[in-house]
Amino acid sequence: MNVIAPIREAASSQATEHFDVLIVGAGISGIGSAYQLARQMPETRFVILESQDSFGGTWRTHRYPGIRSDSDLHTFGYSFKPWVGPPIATAEEILKYMGDVIDENDLGRHIRYGHRILSASWSSATNLWTVHAVKGTDQEPVTVTANFLWMCQGYYRHSKGYTPEWPDMAKFRGRIVHPQSWPEDLDLADKRVVVIGSGATAATILPSIAGKCAHVTMLQRSPTYFRIGRNAIELAEELRRLQVKEEWIHEIVRRKILFEQDWFTKRCLSEPDQVKKELIGQISAILGPEYTAKHFTPTYRPWRQRIAFVPDADLFEGIKSGKASVVTDEIERFTEDGIQLKSGDVLKADIIVTATGFDLCVLGDIAFTIDGRPLDFADTVTYRGMMFTGVPNLAWVFGYFRASWTLRTDLVADFVCRLLVHMKEKGVHKVTPTLRPEDHNMPLLPWIDPENFNPGYMMRNMHLLPKRGDKPEWQHSQDYWSEKDQIPAIDLDDPAFLYG
């Protein structure tokens with residue numbers, strides 16, 4: 001299968017079609033959700049609308065050098081499909097894996113590619129969502145109605161990444177590139193490259209282009225945490241040597257990784273100084289204590305921002321080789337041939353890569369209305385990060401910061417399928433999360449506690465997100481290890497669910 005080529009779109013001769021369920025997005029969440037819906041409710045008529053020309057989401061739209069996962073594929077992969085490659089995978093490997101899931105489960109017939117959704121309107125008179133989209137390069141209007149919307153479109157704007165406005169950017173005579181829109185014609189040979197940023201993207205690009213350009217420098221405002229290890233799971237290797245079935249290996253390794261992640265996360269909270277010492281010590285062993293103290297010693301406690309895994313220490317080996325370097329400083333302004341730093345130093349550059357993150361996009365920039373009234377999701381309260389008060393028949397997949405995104409995709413899928421079956425058994429057409437009498441006086445807080453997790457993209461866009469309460473039902477805990485038991489145990493007849 002050629003996973004790079006667009007998949008043929010499902011044919012439709014009708015201007016308006018109706019489906020039981022409409023899934024938005026054919027990325028990792030949409031494909032996983034579609035699999036569970038088809039398996040658990042095989043009689044359900046559903047469609048996936050995807051704006052891109054093929055499946056994959058992030059793994060298709062991001063084409064910067066070296067793009068890879070920063071979660072292991074034993075947990076980022078699906079529970080039902082064994083992952084048999086190295087735990088940190090390339091975009092190409094992930095796309096092939098997703099393509100196999102689509103082909104093996106006949107999901108392609110449900111997917112409509114090149115459909116960009118403009119609006120979604122709920123009518124209480126009909127108990128239906130009406131979705132208006134445009135199709136293909138001709139922007140042909142398409143209208144679809146559905147009983148239930150399942151939002152799997154991701155959480156950031158794919159069309160354009162986030163780049164701060166620095167003084168005098170227009171004066172720079174070289175090229176300024178954001179990883180999210182990496183040009184195919186970018187020639188790195190003999191070029192001085194500066195990568196602005198310190199997260200997983202910068203840490204991926206740096207070793208990928210070191211040696212292909214004259215020199216690459218990672219310019220960071222402040223250090224971040226990294227973990228180092230082999231791009232292999234010893235337990236998986238040993239079980240394969242013993243010829244254990246891949247399905248068993250997948251389940252055993254998933255459980256081992258999840259146990260270790262839980263243990264590590266708890267240690268970050270209970271003994272942050274020790275964890276910090278261990279993380280920094282790994283880097284110091286390669287780059288030396290002085291370099292590490294200056295460039296890889298964060299000021300915040302571990303796990304307040306995502307910790308990227310660096311397979312085989314390639315980032316640090318690239319620095320050690322002299323082909324790459326790190327500068328920790330702030331930008332004063334751009335110049336014709338580089339960047340003037342606040343320290344007074346100047347970084348010469350031919351190409352500047354702004355690995356500065358992305359813009360959070362709440363529910364796909366779709367214009368939502370409820371009975372003709374515009375819906376602002378910031379005015380709602382989240383039900384366990386999956387649904388919203390006052391919004392009927394809609395579920396949202398938002399994954400984990402400290403664990404693989406796909407783990408929550410599975411949990412939400414099981415919940416949605418159970419909810420749809422429950423509605424059918426009750427003979428109802430609508431379910432709306434609603435604050436109970438005991439909830440009306442509870443404090444309404446930002447969607448996530450910044451003391452718990454505070455990456456820049458969240459802090460910049462918190463005002464767009466739903467509110468959370470101070471009770472488990474009304475917050476996204478970000479704790480897979482508790483939610484894996486709590487979500488399956490949700491009482492669907494709780495007064496928090498208003499049926500009609």
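Okay, so two strands pair if DSSP finds at least two bridges between them. Helices (H or I, at least four residues) and strands (E, at least two) are DSSP runs, numbered from the N terminus. What we have here is a predicted model: local features need pLDDT of at least 70, side-chain atom pairs count only at pLDDT 80 or more, and totals for chains, interfaces and linings use all residues. Residues are numbered from 1 along each chain as its sequence is written, and side-chain values use heavy atoms, with hydrogens and water left out.

Let's start with the sheet. It is an open one of 3 strands, ordered E14-E15-E16, with antiparallel pairing. Strand E14 (331-335) and strand E16 (346-348) sit at the edges with a single partner strand each, so one side of each has no neighbour in the sheet. From one strand to the next, the twist averages 20°; axes for that are lines fitted to C-alpha atoms, for helices over the stretch in contact, and angles run from 0 to 180 degrees between N-to-C directions. E14 and strand E15 (residues 338-341) run antiparallel and are joined by 4 bridges. If you want one to click on, Phe334 has Ile339 in E15 as its bridge partner.

Now the second largest pocket, at about 870 Å³. A pocket here is an open set of points on a 1 Å grid over the protein atoms alone, where a 1.4 Å probe fits, with protein on both sides within 12 Å along at least five of seven lines; lining residues have an atom within 4 Å of a point. The volume is the space filled by probe spheres set on the points, which are joined across faces, edges and corners.

Last, two single residues. Ser198 is in the loop between strand E9 (192-196) and helix H5 (200-209). Is Ser198 buried or exposed? Buried, at a relative accessible area of 18%; the cut-offs are under 20% for buried, over 50% for exposed and partly exposed in between, with a 1.4 Å probe and protein chains only. Its side chain reaches the backbone oxygen of Ser222 at 3.5 Å.

Lys96, in helix H4 (residues 91-104), is partly exposed at 46% relative accessible area. Its C-alpha is 16 Å from that of Ser29, 67 residues apart along the chain.

Notes
Polar contact = N/O pair within 3.5 Å; in protein donor to acceptor, adjacent residues only side chain to side chain.
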